[in-house]
Amino acid sequence: KRAEHDLLFEANAQGRNARQIVPCDDPCGGDDEASYSPDRRRIAFIRAFGPLADDGSPKECRLAVFDRTSGTVTYLTRDPRCLGRAAFPRWSPDGSMLVYFVDRSDEFGATSTTAVFSIAAKGGKARQLTSWELAGGDADWSPDGKLIVFSTYPLVYFQEAGISNLYTIRSDGSNLHPLTSYKEGETRASHPRWTPDGERIVYVADNGGARELWLVNADGSNPVQI
């Protein structure tokens with residue numbers, strides 16, 4: 001981090017040779033939430049633009065893709081005042097699509113709800129996959145690209161409220177299937193990620209601030225703490 005800018009850096013697996021990989025010059029106000037494409041040639045991320053408003057909020061936010069070969073940035077969404085901010089993009093296994101969720105905020109910047117969307121990595125019209133009432137987020141593709149797992153009321157935006165459970169849907173938004181069935185006041189499931197073989201999902205179980213890692217089968221059976 002430098003001044004008011006959050007910058008995207010890359011380091012080797014040992015944490016050495018860190019270097020900035022995406023230029024962020026004015027009016028760029030900062031980059032965040034980066035994700036490599038499967039071939040490592042592109043990086044999806046969220047970019048904020050200045051100048052900042054009196055309350056510190058950016059002028060707008062965009063979902064972007066940086067091409068490491070050409071050095072160009074392609075913008076996929078545009079969210080004035082960041083009131084419909086795209087968040088945490090993840091690549092489809094073939095690198096053609098991105099899944100992300102949108103944080104829909106009120107005029108004061110407070111999150112009102114979230115929903116899962118997808119969009120072609122080359123740009124185009126975004127597709128809403130879940131309803132606003134479900135408050136979905138933290139989405140991830142299955143290794144075969146057929147399913148998307150997500151959590152409800154993602155902890156990063158709903159730290160004090162909401163029932164957080166895991167669901168899968170098809171990539172077209174159909175066949176909503178629950179994986180967990182926690183109740184209000186119980187464990188909250190968040191940050192789901194597929195195992196490489198696509199057979200199970202690892203997730204964070206939050207128990208009033210104490211967090212554990214759990215595994216569940218892709219059909220929702222046999223949840224176990226790891």
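## Ground rules

In this predicted model, local features need pLDDT of at least 70 and side-chain atom pairs count only at pLDDT 80 or more, while totals for chains, interfaces and linings use all residues. Residues are numbered from 1 along each chain as its sequence is written, and side-chain values use heavy atoms, with hydrogens and water left out.

## The nonpolar cores

A nonpolar core is a set of buried Ala, Val, Leu, Ile, Met, Phe, Trp, Tyr and Cys residues joined through side-chain atoms within 4.5 Å. Buried means under 20% relative accessible area, exposed means over 50%, and partly exposed lies in between (1.4 Å probe, protein chains only). In soluble globular proteins, nonpolar side chains tend to be buried together.

The largest nonpolar core has 15 residues, and Leu63, Leu98 and Tyr100 touch the most other members. Two or more residues come from each of β4 (42-49), β5 (60-67), β8 (84-91), β9 (97-105) and β10 (111-120). Strands (E, at least two residues) and helices (H or I, at least four) are DSSP runs, numbered from the N terminus. A second, separate core has 11 residues, including Ala87, Trp141, Ile148 and Tyr167.

What does Tyr100 touch, beyond residues up to four places away in sequence? Its partners include Leu63, Phe88, Pro89, Val116, Phe117 and Ala126. Contact here means heavy atoms within 4.5 Å.

## Two disulfides

A disulfide is a covalent bond between the sulfur atoms of two cysteines. The search rule is a pair of cysteine sulfur atoms within 2.5 Å. How many disulfides does a search of the whole structure find? It finds two. With the bonded cysteines numbered in sequence order, the pairing is 1-2, 3-4.

Cys24 bonds to Cys28, with the sulfur atoms 1.9 Å apart. The torsion about this S-S bond is about -80 degrees, so the disulfide is left-handed. Cys24 lies in the loop between β2 (19-20) and β3 (28-36). Cys24 is buried at 4% relative accessible area, and Cys28 is buried at 2%. Beyond its neighbours within four places in sequence, Cys24 contacts His5, Leu7, Gly29, Gly30, Asp31 and Arg47. The C-alpha atoms of Cys24 and Arg47 are 8.8 Å apart, although 23 residues separate the two along the chain.

The other disulfide joins Cys61 to Cys82, S to S 1.9 Å. Its torsion is about 90 degrees, so this disulfide is right-handed. It links distant parts of the chain: Cys61 is in strand β5, and Cys82 is in the loop between β7 (79-80) and β8, 21 residues apart. Cys61 is buried at 4% relative accessibility. Cys82 is buried too, at 10%.

## Rings and charges

Rings of Phe, Tyr and Trp (its six-membered ring) pair if their centres lie within 6.5 Å; planes under 30 degrees apart count as stacked, over 60 as edge-to-face and the rest as tilted. The count comes to seven aromatic pairs. In one of them, the rings of Phe101 and Tyr157 have centres 5.7 Å apart and planes at 85 degrees, so the pair is edge-to-face. Phe101 is in strand β9, while Tyr157 is in the loop between β13 (147-152) and β14 (166-170), 56 residues apart. Phe101 is buried at 0%, whereas Tyr157 is partly exposed at 21%. Ring pairs link Phe88, Phe101 and Tyr157 into a cluster.

Some rings also have a charge over them. The rule: NZ of Lys or CZ of Arg is within 6 Å of the ring centre and within 35 degrees of the ring normal. The charged end of Arg62 sits over the ring of Phe49, 4.8 Å from its centre. The charged end of Arg104 sits over the ring of Trp132, 4.2 Å from its centre.

## Strand β5

Is β5 largely enclosed or exposed? Seven of its eight residues are buried, so β5 is largely enclosed by the rest of the structure.

Two strands pair if DSSP finds at least two bridges between them. β5 pairs with β4 in the antiparallel sense over eight bridges, and Ala48 stands opposite Cys61. β5 also pairs antiparallel with β7, over two bridges. There, Glu60 stands opposite Pro80. Strand β6 (residues 73-75) pairs antiparallel with β5 over three bridges. β5 and β6 form a hairpin with five residues between them, and Gly71 in the turn has a positive phi of about 75 degrees.
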